[in-house]
Amino acid sequence: MNADEPFIRFDWIIDNLGQIGQRLGEHVLMVVASVLIGFVISFGLALLARSHRWTYGPIIAVTSTLYAIPSLALFVLLIPITGLSLTTGIVALVLYTLLILVRNIVVALDGVPPEVVEAATGMGYGPLQRFWRVELPVATPVIVAGLRIATVTTVGLVAITTFIGLGGLGYLIINSGTRRFFPTSIYVGVALCVVLAVVADLLLLWLQRRLTPWAAAQGR
Amino acid sequence: MELFGQGIAWLADPANWTDPRNGIFLRLWEHVSLSAAALAAAIAIGLPIGVWIGHTGRGATAVIAIANIGRAVPSIGWLGIVFPLTLVAFGRGGLGFVPSVIALTALGIPPIVTNAYAGMREVDADLVEAGRGMGMREMDVVRQVEIPVALPVILAGIRVSAVQIVATATLAAIVGGGTLGDFIIQGIFVRALDRVVGAAILVAILAILTELAFSLLERRAISPGIRRGGQAAPIEPGGVALPRVAG
């Protein structure tokens, strides 16, 4: 980096809007794909943990251990299995969402007051209908709280996938930024990551308010 | 799958450990010393802030908001933010240890602050009143009542911070900080995948050991009188810090 290289070169940003937009698009796609797949798997695991209580401990133990593995190491350790591919990136990102999502879904469903469940049963709901129409809606705020954290975490992690040839905004931070001593690219990448995390968080918060209008009325 | 075998073979070769310029022992030492320095700095900065705003309730909204935005910055982002600044400030000295330790400290502070704050706020107000009623001075209330009761939550914040720092130290290699990440990042560059996989195994073990060591410390440090059981709390945004995967 030259001493006179400015921290932000606006002309570079304007000339490279196309590339920046493309990286942002990749980033968003990887986040959405990973969180969606992670949510579906976590939902299944949470239902399993609730119907067979003994599985909850092992599920949490395994997902917490996965969670402690640094992402760069996990990406690399998946290479022997899935190669240098998008699959490797998505698999690792999905694994990281499991701990938060499974835990919050189980805690959320456990937290549904028994009198609510009884009232629903008393009104003639069968188990399946009661789950979809009563328990799940009541549990939604806590489930969405988990989704928010998983999403913000994933936004940061996608950047690391640049080391295995993917990367989204991570490409701007590492490949065209740090490695070439080019601060503008670094700061554009970091700023967009933060904006993306905040926007995703607010969108999910909005979604939760839409799904559970009664929760707002109770002053949650 | 044979890549795992190659990684383990790389780890099993003693020559790879003792090389004085690029050996595993050297990189491991860089990794551990960098992480320890950053964790110490993060505790020294974050703990007083968290304890103080938890005790007084003053400035809490602002500090917690900043800590939450801090959490939205990707781990790699901290290195990216700090690196150009240290280069300009220190010239060649702005490579390696200096930007790495600053970035890792910045990354480690938010969980310590938010947990210390949350832990202090949860302390039963009656306990604090009882302390004051016994004639304790404000500092004694903090030290002898609030901190011991809040200790489990405070230590959990430090554990989260430690695991994140150890994980992200892997990435310090891109700014010349060495660490075990150097084998991974350089190795991918030159396609020496045995080193890459071997070092990844070591990094994973180091991070899991850090998690276990701090969990053990938490258990030992908490007096049985205030050990809580009961139902797990949900994880809420802006609430008590959860380990964020980093690096």
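Predicted model: local features only at pLDDT ≥ 70, side-chain atom pairs only at ≥ 80, totals over all residues.
Residues are numbered from 1 along each chain as its sequence is written, and chains are lettered from A and ligands numbered from 1 in the order in which they are written.

**View 1. Confidence along chain A and chain B.** The predictor's confidence in each residue is expressed as pLDDT, from 0 to 100. Chain A has a mean pLDDT of 91, with 96% of its residues at 70 or more; chain B averages 87, with 90% of the residues scoring at least 70. Helices (H or I, at least four residues) and strands (E, at least two) are DSSP runs, numbered from the N terminus. Among the elements of chain A, helix α2 (residues 17-51) has the highest mean pLDDT (96) and helix α10 (residues 213-217) the lowest (73). Among those of chain B, helix α3 (residues 24-56) has the highest (95) and helix α4 (residues 60-72) the lowest (81). For the complex, the predictor gives an ipTM of 0.85 and a pTM of 0.88.

**View 2. The contact between chain A and chain B.** Two residues are in contact if their C-beta atoms, placed from the backbone, lie within 7 Å. Chain A brings 46 residues to this contact and chain B brings 44 residues. On the side of chain A that touches chain B, α7(A) gives the most, with 11 residues. By class, this side of chain A has 33 nonpolar, 10 polar and 3 charged residues. Here Ala, Val, Leu, Ile, Met, Phe, Trp, Tyr, Cys and Pro count as nonpolar, Asp, Glu, Lys and Arg as charged, and the others, Gly among them, as polar.

**View 3. The packing of α3(A) against α5(A).** The axes of α3(A) and α5(A) are 8 Å apart and form an angle of about 145°. Axes are lines fitted to C-alpha atoms, for helices over the stretch in contact, and angles run from 0 to 180 degrees between N-to-C directions. Residues of α3(A), including A:Y56, A:I60 and A:Y67, meet residues of α5(A), including A:L95, A:L99 and A:V106. The residues of this contact comprise 11 nonpolar, 2 polar and 1 charged.

View 4. Chain B contains 10 helices and 0 strands. A residue is buried if 20 or more other C-beta atoms lie within 10 Å of its own, exposed if 12 or fewer, and partly exposed in between, with C-beta atoms placed from the backbone. A nonpolar core is a set of buried Ala, Val, Leu, Ile, Met, Phe, Trp, Tyr and Cys residues joined through C-beta atoms within 7 Å. The largest such core has 130 residues, and B:L79 and B:A200 have the most contacts inside it. Helix α8 (residues 138-169) of chain B supplies the largest share of this core, 17 residues. Not counting residues up to four places away in sequence, B:L79 touches B:P99, B:A103, B:L171, B:A172, B:I174 and B:V175.

**View 5. Two residues in contrasting surroundings.** B:A169, in helix α8 of chain B, is buried because 34 other C-beta atoms lie within 10 Å. A:L207, in helix α9 of chain A, is partly exposed because 14 other C-beta atoms lie within 10 Å.
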